[in-house]
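Dear colleague,

Please find below the structure that I am handing over to you. I would be grateful if you could read the notes that accompany it.

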Amino acid sequence: MNIIQGAVHFVANNKLTFEKGPMPIKPYPSAANQVGHKNKLYPQPSMEEILPKLETPAVKVRIADLLSRYPEPQGALLEVLWVIQEVLGWVPRESIRWASKVCDCSPAHAYGVVTFYTMYKQVPTGRYLLQFCRNICCEQKGASGIIAYTEKALKIKTGETTPDGLFTIVQVECLGACGNAPVMLVNDEFATDVEGGKLTMRDGITLTPERVDKILKWCYDRSEKYEEEPVRDALGGTLVGHKGHPGAPGSSAKPQEMDYAPACPVLGLKAVAEKSGVTLTWKNAPEFTHLVVERADGSSWKKVGEPSVKDKEFIDPTGLAGMAYRMIATSGDRVAKPSTEEKAV
Amino acid sequence: MAKTIKVCTDNFGKGAQDIAVYKKLGGYTSISSRLFDLSQFEVIDMVKRSNLRGRGGAGFPTGLKWSFVPRHTGKPVYIVVNADEGEPGTFKDHFLMNEDPHRLIEGLIIAGWALGSRTAYIYVRGEFLPCIESLNKAISQAYVDGLLGENIGGTKFSFDIYVHRGAGAYICGEETALINSLEGKRGEPRLKPPFPAVSGAWKSPTCVNNVETLMALPWIFQNSPEAYAAIGTGCAGGTKVFCVSGDVKRTGVYEVPIGTPMMDLLNSPDYAGGIDGVLKGVIPGGSSCPVLLPEECEKATLDYECMISLNTMFGSGAVMPFNTTRDVVVLLNTLGNFYSHESCGQCTPCREGTGYAKRVINSILRGEGHDGDLELLLSLAEQYNGTTICPLAPALGQPMSAFINKYRSEFDAYIEKNPNHASPRISATHRPGAFW
Ligand code: FES
């Protein structure tokens, strides 16, 4: 990579000079420049070439389903880009334009999104994308050794693809499986071992050079077995039974009803008898519109006051210790069940 | 603790991914038997009494957070589950969602009822595709069972859950960045206020909760809020799922009551089973928390107050011990690389500052350090605080200053490898700037 190694600064005669600095900066392979910006000149297919693949009935159904889940079409942009990547294997320039049309945003916005997130591939990668974690836990447990081993075994460097088009190595940040450090992802599957013809990640099983060999062999075997990598039918699986977000395109869902829950009773009622009478305190809920305080009168209840919903306490001047109180709250036109009975103490 | 109480991890290894199994294990009873008789305020009050605090890192009391969400604004209320687990060292949500997706759905329905939400999104990071598949399967089962959709259980309540797949950006774990990402934008944190509770996703009230927080709710409802509060300490109730990685005999996720001594977690045969080698330090709570020395670990208990008194953080529950064979300069170097790579680029102190720190640490590691470099790094760490929108830059600054202060001699040894270490660093060549 042609990264300028050194520093540019003004010297006394005000001429721009180049000085070779003492610190050659080793490019840190980030996932973005590994499968992203690195090759800006990569031949891009035209819209005519990609449209037939994108505008199939199956894709249309999926896109409609995705769009119905968000109040605004733009919400589905990340998911639509995933669909593109699943169908085409990567996200070419023109497909970003297509996504922006689907999601009703500007192509520039969509391009900004694609370049922000590291998992969208802006150049095609090998059939098996090997993503190695090189973050703190994995590094501690020897990730760099494993990466170096794989690079040697495949005779490529990080960010490169083998000549047979089978493997690409990239280094990524923490994969959220640090307990098994060091770990890797083979396409979308966590892999630290191969068991029963499947990639697995089990408790306490970590990558070793032998296991890397096993995984590579699994990939080779698979590539011989299948002409093309079988795609997951729908990334992340399908969701059945939902009607979408109310108001979204293609959705028949109705919005939430205001008063689906029972009205809120008064909670935390306390009654304290003092010389001046009985003081009641309670927890106010935001939805109260009306409050009534009742006092036990033999076997029935007698209303003794109606505090405002802003009040923090209520004093019953005729109250005495030992009398039972309760409160009834109203929220709009819903009357809540009475609060618990409290004896003044 | 005589009997270990498992709140979130109880169904591990029992095949609870299937709704029938989950119901047999007592799942969804909180909804069928209790929830629909409670008012919204009562549910929030129960969560408040349980003393449940957010498990995502900041530790904000959940009940209080819910009570900030305004009602009857005419706008829909969104619940967003933060499953964008990217903090190095943390992998609990991955396991929790894989093993017990229905518990998350049950917790979400409770939260939806309390907040009056119509739609919830589970934001899962892009790398967890198998996890997304199992979640979608579980959600579909819940739809078929009538637990989701319109008019659930014959009430007027309607609720939908969708999984939103992220695409690989650590910063999307920050709640406002997560909301931006959900809206189909670049995951850049927003200035607060307005807080998401008032104006979040699509300018509507939004509540962002961690996976583990929501998964504690079914237990609280099946037992009682007081029982949950009694498990933990006075300041935070319940249990916490810890992810132990690094140099221990058995790495993995372990659920222990809040307030358990840290060495119990690391040494007990039920949990991590002891340190591999001689302990040199522990990073508690994820990579952005300052490291603890062995003598501090002896004193440490796993709760919010104790961690703050030791000048570190409880964080997201990652515990990363490392032994004496590990090189702290290498560890800090990885952190510098990581944070400078993941900076979203909005704020100059973070975009330039993390890269600056990274290049200085890189050069120290290569044996090209200079005297005064450590002071430079410490002063940088100081300058991150309070100058950025989100805490990504301080998340590098804090561990950086802790590493340097606590293992200073090792850094000095590296610097002395440079024959010219006494000469000053030419600052022009280390000037921050992405294009160097
Ligand atoms: S550090 Fe490698 S998976 Fe977390």
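The notes below cover a sheet and then some aromatic contacts.

This is a predicted model, in which local features need pLDDT of at least 70 and side-chain atom pairs count only at pLDDT 80 or more, while totals for chains, interfaces and linings use all residues. Residues are numbered from 1 along each chain as its sequence is written, chains are lettered from A and ligands numbered from 1 in the order in which they are written, and side-chain values use heavy atoms, without hydrogens and water.

In chain A, an open sheet of four strands has the order β4-β3-β5-β6, with mixed pairing (strands are DSSP runs of E, at least two residues, numbered from the N terminus; two of them pair if DSSP finds at least two bridges between them). Its edge strands are β4 (167-172) and β6 (189-191) of chain A, each of which pairs on one side only. Strand β5 (residues 184-186) of chain A runs antiparallel to β6(A), and three bridges join them. A:Val186 has A:Glu189 in β6(A) as its bridge partner.

Over all chains, the structure holds 30 aromatic pairs (rings of Phe, Tyr and Trp, the last by its six-membered ring, with centres within 6.5 Å; planes under 30 degrees apart count as stacked, over 60 as edge-to-face and the rest as tilted). The ring centres of B:Tyr304 and B:Phe314 lie 4.3 Å apart with planes at 40°, so this pair is tilted. Both B:Tyr304 and B:Phe314 are buried (under 20% relative accessible area, with a 1.4 Å probe and protein chains only). One aromatic cluster is formed by A:Tyr70, B:Tyr78, B:Tyr121, B:Tyr162 and B:Trp202.

Yours sincerely

Methods
Buried < 20%, exposed > 50% of the residue type's maximum accessible area, 1.4 Å probe, protein only.
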